[in-house]
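Please open the model in a viewer and follow the stops below in order.

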Amino acid sequence: MSSHTVPAALASVFALTLMLAGTASADEPEFIYRYYNAEQEIQRGSLVDPPDGECIDIPEVAAGTGSAFRPGNSTGHIAYLFEKSGCDGLPTFVLTPYGKGSDRLTFRSVSFL
């Protein structure tokens, strides 16, 4: 390499690093799920940047008899899914960071650690 191409290559690597870092930080940590509304249509719900260590009842199903399903965990934290509201009992499933669950994985509350 000539003495002129080394600084140009380093500047390019630095610029690419900054661009990738900015892209990654733009995404909010989010926990997504599906649920059925009163008309039995599938809806999408989410918890944006949920707090760690707190039990969160899924608001769209907390008052009814249904459950949320098909979770997607892009929070970077482990999600503990519970069959009942109030994180009652043992978790029925543990969803790893950036993990996804199927339609058969149902839950009513979640906690993150």
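**Aromatic pairs**

The count of aromatic pairs in this predicted model comes to six, where rings of Phe, Tyr and Trp (its six-membered ring) pair if their centres lie within 6.5 Å; planes under 30 degrees apart count as stacked, over 60 as edge-to-face and the rest as tilted. Select F31 and F112: their ring centres are 5.4 Å apart and their planes stand at 80 degrees, so the pair is edge-to-face. F31 belongs to strand 1 and F112 to strand 8 (residues 109-112), so the pair ties together parts that are 81 residues apart in sequence. Strands here are DSSP runs (E, at least two residues), numbered from the N terminus. Both F31 and F112 are buried (under 20% relative accessible area, 1.4 Å probe, protein chains only).

Next, display the open sheet of four strands, ordered 2-1-4-7 with antiparallel pairing; two strands pair if DSSP finds at least two bridges between them. Strand 2 (42-48) and strand 7 (106-107) stand at the edges with a single partner strand each, so one side of each is left without a neighbour in the sheet. Strand 1 (residues 30-36) pairs with strand 2 over seven bridges, and Y33 stands opposite G45. In their hairpin, with five residues between the strands, select Q40, which takes a positive phi near 60 degrees. Strand 4 (residues 68-73) meets strand 7 over two bridges, with A68 opposite F107.

**Conventions**

Residues are numbered from 1 along each chain as its sequence is written. Local features need pLDDT of at least 70, side-chain atom pairs count only at pLDDT 80 or more, totals for chains, interfaces and linings use all residues, and side-chain values use heavy atoms, with hydrogens and water left out.

Methods: Buried means under 20% relative accessible area, exposed over 50%, partly exposed in between (1.4 Å probe, protein chains only).
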